[in-house]
2 protein chains.
Amino acid sequence: MRKTKVLRDIDRAAIREELLKSGVAALTEKGFASVGLDEIMRSVGVPKGSFYYYFESKEYFVTRILQRYNERFSGGLDFYLKDENLSARQGIIAFMEKAKKNIIKYDYKRGCLVGNLSQELNTLPGALSMQVREVLLGWQKQLQTCLEKAQKAGEIEKGADCQQLASSFWSGWEGSVLRTRLEHSTTPLDDFGRFYLASVFHK
Amino acid sequence: MRKTKVLRDIDRAAIREELLKSGVAALTEKGFASVGLDEIMRSVGVPKGSFYYYFESKEYFVTRILQRYNERFSGGLDFYLKDENLSARQGIIAFMEKAKKNIIKYDYKRGCLVGNLSQELNTLPGALSMQVREVLLGWQKQLQTCLEKAQKAGEIEKGADCQQLASSFWSGWEGSVLRTRLEHSTTPLDDFGRFYLASVFHK
């Protein structure tokens, strides 16, 4: 009896994992409003009626998806920005190149989960909006730390406001990911990347 | 009999206008997926069953909304960028200030129609995606013309690529409008505006 329960718990955890993975795909391709739970359940091969056995609500499900997405994204960002073998400039370039590869890999269909959810602000539950905001501010803080280090190393002008520079990066980033998908070309990301790096770092 | 028909046509045109206006509000606040035609019809006080008397399809309706939005936006942009009494820098500032006022006026609820629709790419009809792309490229061209003029006047570095600069502006713009709504504060727009102007124009 106990063994059955343990097995059931393992199954449940495995299916939750699958649902989260499928949820990330669905939410980066479409948005909160367009994504049906039915579709996600179907892709994992679980009866649609059993959703609430795995997650208590759609909102909680999306909260977990965003948390998962953020762990990966934020980890990937630090992987490049904190690499001791790369300058700040090189780290940012490496991060952007990796992100571009991902966008191409998914044929320009997947955008940024944070960008997608932000566009749906007026229809999202309030707690979710706050979570989106915090995730983005977290990325901004990571970049700011990296820029401040570069500033100390003399790679960035002394008087520059690194918080403002980091904020501008994520605005340009979200906008150019959006435009890159729209144009089915990495040109907007390349344009913004070149512009940003040339503006921030000493020649 | 003919007089009745004329009156009916005037009514029809007037109601089409009202529906377009209500459609702009709905689509800038929410998105294509979340907007119900019922809601729009209700806001104008027209029976929901009569939608197809005014527009042949939801897609055509959105096409007309975007066209209308673009006329206003693009006109407003040129109003500032082509003002002979303003330098390019001052024109961009005036445009941004006006846009910020609008965002505050609608309590951060209304975003950019182009940004909203772009996030829904994968669920939009193909012709509509192309229209969104063309509208954005049109704004980019308007700004590029203005920057090229400033470059000739010596306000922008000779070697700068004005197309790339214009592209970067709209990426940063779309991203910072999105973040300004998310944070319920104009800080992201202010940050990006300051960063952009300081990077593009000679000190």
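Reply: To compare copies of a chain, they are superposed by least squares on the C-alpha atoms of residues with pLDDT of at least 70 in both. In this predicted model, local features need pLDDT of at least 70 and side-chain atom pairs 80 or more, while totals for chains, interfaces and linings use all residues. Residues are numbered from 1 along each chain as written, chains are lettered from A and ligands numbered from 1 in written order, and side-chain values use heavy atoms, without hydrogens or water.

Chain B can be laid on chain A with an RMSD of 0.0 Å by a turn of 180 degrees and a shift of 0.0 Å along the axis. That is the relation of a two-fold axis.

The part to look at is helix α5 of chain B, residues 88-105, where helices are DSSP runs (H or I, at least four residues) numbered from the N terminus. Its 18 residues should span 26 Å at 1.5 Å a residue, and the end C-alpha atoms are 26 Å apart, which agrees; the expected span is 1.5 Å times one less than the number of residues.

The buried residues of α5(B) (under 20% relative accessible area, with a 1.4 Å probe and protein chains only) include Gly91(B), Ile92(B), Phe95(B), Met96(B) and Lys100(B). Among the elements of chain B that cover these buried residues are α4 (58-81), α7 (126-152), α8 (162-183) and α9 (187-200). Just after α5(B), Asp107(B) takes a positive phi of about 50 degrees.

Notes. Helices (H or I, at least four residues) and strands (E, at least two) are DSSP runs, numbered from the N terminus. Buried means under 20% relative accessible area, exposed over 50%, partly exposed in between (1.4 Å probe, protein chains only). Contact means heavy atoms within 4.5 Å.
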